[in-house]
Amino acid sequence: MLGTDIGIDLGTSTTLIHVKGHGIVLREPSAVAIDRRTDKICAIGEEAYRMLGRTNPNLAVYFPLQQGVISDYALAEEMVGFFLKKICGYRIWKPSVVVCMPSIVTGVEQRALIKAIHGSGARKVCPVDEPIASALGAGIDISTARGRMVVDIGGGTTDIAVISLYGISNATSVRLAGNDFNHAIVKYVRHTFGLLIGERMAEQLKMEVGCVCHMEEPKVALAKGRDILSGLPRSVEVTSDHLLEAMKEPLDLIMSSIKSILEDTPPELSGDIYQDGILVSGGGALLGGMSQWILENTGCHAIIPEDPVECVALGTGKAFSCLDKLHGGLYQYQTIENTYNNQKGQE
Ligand SMILES: Nc1ncnc2c1ncn2[C@@H]1O[C@H](COP(=O)(O)OP(=O)(O)OP(=O)(O)O)[C@@H](O)[C@H]1O
């Protein structure tokens, strides 16, 4: 039924799977619920995420990736295996997989990713840099000698890169993104309103009224949680301006990384970026006022794709047609054997 070329965006918050000829067939939270008494997995993906913050003491919800890289190898393997089985039924099926990874990862982190995908049933695995996948997914032509800039604001990392001729000219991966905005919102609401809210509530507020610059018509949302003093349930109204203040610190740090990449960009490529704009992808691109924030701080206009969350996964699908060109042919499918050989070579 399904083809065998699969693109996976294994994200800190969300996993998306693209299948050649079928488009995006899976989009689920990268979450796993464990029964602490038996150490057995009891839910994965959407079902596990629904339990977050609502479990009894015998259950715990984990995210096997932290800040863009695998932090719990065994859980990551189980999770990807579950998602692959979910999309193809329980047929014996060994796909070729392109998987994206942050532009700055250590060799150990890259090998853990490749091993986990192999372990979950893939025949061949090829890693691709997230900004490259994002540009491909947004339909940006990276084959020419022209500077293209990508800012991908995900759940755990913000990847910033300048791309030209299928390669990365300069890049950084800042370990600050959507999850840090959520933590900042929890902290802000506690300090400002004396109200304790959970991470899911913070994420909901961010999605409803979160913004990166002052909005002409501020939106309002209801934050529900527990009063710190009375211990009783309570709600308060929070506005876009409150959230802007809450997220100011991580936003400023992300912007200073964008600026430092621009400062390090060769002038010819800078001229191209000024003319073509900056692609902003990842869930963070959906924050209110994103185009204005980019323009005011960098002088370049922002390009926001129709669905910024799906952009990287679409790009992993498109990467199959240009794997040989990515990084001058340095990219190749990694079998378990050559992953270990590379590992031995580096030791
Ligand atoms: N409408 C929205 N407004 C603001 N933030 C959003 C919105 N939708 C999703 N997000 C945030 O985007 C983040 C997830 O984005 P994405 O799926 O691109 O990241 P990821 O691939 O899981 O993470 P990473 O690339 O860091 O590994 C989450 O923090 C989520 O809260």
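A residue counts as buried if 20 or more other C-beta atoms lie within 10 Å of its own, as exposed if 12 or fewer do, and as partly exposed in between, with C-beta atoms placed from the backbone. The model on screen is predicted; local features need pLDDT of at least 70, side-chain atom pairs count only at pLDDT 80 or more, and totals for chains, interfaces and linings use all residues. Residues are numbered from 1 along each chain as its sequence is written.

Select leucine 165, in the loop between strand E12 (158–164) and strand E13 (167–174); helices (H or I, at least four residues) and strands (E, at least two) are DSSP runs numbered from the N terminus. Leucine 165 is partly exposed because it has 14 C-beta neighbours inside 10 Å. Its phi is near 50 degrees, a positive value in a residue other than glycine. Most residues other than glycine have a negative phi.

Next, go to glutamine 67, in the loop between strand E7 (65–66) and strand E8 (69–70). Here too phi is near 50 degrees, and positive. Glutamine 67 has 19 other C-beta atoms within 10 Å, so it is partly exposed.

Asparagine 56 sits in the loop between helix H1 (46–51) and strand E6 (59–62). Asparagine 56 is exposed because it has 7 C-beta neighbours inside 10 Å.

Now select helix H2, residues 73–88. The 16 residues of H2 should span 22 Å at 1.5 Å a residue, and the end C-alpha atoms are 23 Å apart, which agrees; the expected span is 1.5 Å times one less than the number of residues. Its buried residues are Leu75, Ala76, Glu77, Met79, Val80, Phe83 and Leu84.

From Val80, move to isoleucine 117, which touches Ile8, Val80, Val97, Val99, Ala122 and Val125, leaving out residues up to four places away in sequence. Contact requires C-beta atoms, placed from the backbone, within 7 Å.

Finish at the ligand. Of the 23 residues around the ligand, Gly11, Ser13, Gly154, Gly178 and Gly283 come nearest; a residue is near if its C-beta atom, placed from the backbone, lies within 6 Å. Helix H5 (178–193) and helix H6 (199–209) are the elements that give two or more residues to this shell. H6 gives the most, with three residues.

Terms used
Contact = placed C-beta atoms within 7 Å.
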